Amino acid sequence: ILNRSIETARDLMKKNVLVFGFIAGLVVSLIMAISMITYSKHPELEMGSGAMIIGYLSMLLAFSLIYVAVKNFRDKKNNGFISFGKAFLIGLFITLIASTMYVVVWAFVYHNYMPDFMDKYAAHMLESAKTTASPAELQEKTAEMARYKELYKSPVFFTLMTYAEILPVGLLVSLITGLILMKRNKQKPVAV
């Protein structure tokens, strides 16, 4: 009976992770795709700090589902108890699913709608640097952006950089959620 209840809890946790991971991935990917395609079709809009704020807010919105998923699992499927480790693990798996969806969608958007993204991004970064950088610093920044543009052509670097945008946000939300929602069963088993 104990093995069956453990298997049932694992199955419920997997289902919880898959459902919330897919929803989180859908939310963050759709917002990113819509905003990036909008930027590509309307070059007069700046891809500056406003775009970055929208991006990170969409990540926080999507990853807020980690809290909902962990609370749902703890309260409805795990008798009101969850360890920090299990809560963090649920958040980690949701983060991995959503982040992978984000990477795949960005690869699609980048290659089909914004193949000049790195050129525009580099130009924007250099334009921003002109106001505060010395000529030597500007030259260094230009060389740095040229290296990034070249590296971004590599599928491995492209994938790693895209994961690096989103993964830390999900890990941070998972950590905070685990700390907030952990609740141990303090009841000691009754000796028979």
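A surface patch of the nonpolar kind is made of Val, Leu, Ile, Met, Phe, Trp or Tyr residues that have over 30% relative accessible area and no salt bridge, with their side chains joined within 5 Å. In this predicted model, Tyr-67, Val-68, Leu-172, Leu-175, Ile-176, Leu-179, Ile-180 and Met-182 form such a patch on the surface, and together they have about 700 Å² of accessible area.

**Nonpolar surface patch**

- Helix H2, which spans 49–77, and helix H6, which spans 155–181, each supply at least two residues of the nonpolar patch.
- The most is given by H6, which contributes five residues to the patch, and Leu-179, one of the patch members, lies in this helix.

**Largest nonpolar core**

- In soluble globular proteins, nonpolar side chains tend to be buried together.
- The largest nonpolar core has 37 residues, of which Met-36, Phe-63, Ile-90, Ile-94 and Trp-106 touch the most other members.
- Leaving aside residues up to four places away in sequence, Trp-106 touches Met-32, Met-36, Met-114, Phe-117, Tyr-152, Phe-158 and Thr-162.

**Aromatic pairs**

- Nine aromatic pairs are found when the whole structure is searched, and among them is the stacked pair of Phe-84 and Phe-88, with 6.0 Å from centre to centre and 20 degrees between the planes.
- Phe-84 and Phe-88 are separated by about one helical turn, because they are four residues apart in helix H3.
- Phe-84 is partly exposed, with a relative accessible area of 25%, and Phe-88 also counts as partly exposed, at 24% relative accessibility.
- The pair of Trp-106 and Tyr-110 is tilted, because its ring centres are 5.6 Å apart and its planes stand at 50 degrees.
- Trp-106 and Tyr-110 likewise lie four residues apart in helix H3, and are therefore separated by about one helical turn.
- Trp-106 is buried, with a relative accessible area of 4%, and Tyr-110 is buried as well, with a relative accessible area of 9%.
- Ring pairs link Trp-106 and Tyr-110 with Phe-117, Tyr-121, Tyr-152 and Phe-158 into a cluster, and of these residues Phe-117, Tyr-152 and Phe-158 are among the contacts of Trp-106.

How values were computed. Residues are numbered from 1 along each chain as its sequence is written. This is a predicted model: local features need pLDDT of at least 70, side-chain atom pairs count only at pLDDT 80 or more; totals for chains, interfaces and linings use all residues. Side-chain values use heavy atoms; hydrogens and water are left out. Patches are made of residues with over 30% relative accessible area and no salt bridge: like charges are joined within 9 Å, nonpolar side chains (Val, Leu, Ile, Met, Phe, Trp, Tyr) within 5 Å. Accessible areas come from the Shrake-Rupley method with a 1.4 Å probe; for residues, only the protein chains shown count as cover. A salt bridge is a side-chain nitrogen of Lys or Arg within 4 Å of a carboxyl oxygen of Asp or Glu. A nonpolar core is a set of buried Ala, Val, Leu, Ile, Met, Phe, Trp, Tyr and Cys residues joined through side-chain atoms within 4.5 Å. Buried means under 20% relative accessible area, exposed over 50%, partly exposed in between (1.4 Å probe, protein chains only). Contact means heavy atoms within 4.5 Å. Rings of Phe, Tyr and Trp (its six-membered ring) pair if their centres lie within 6.5 Å; planes under 30 degrees apart count as stacked, over 60 as edge-to-face and the rest as tilted.
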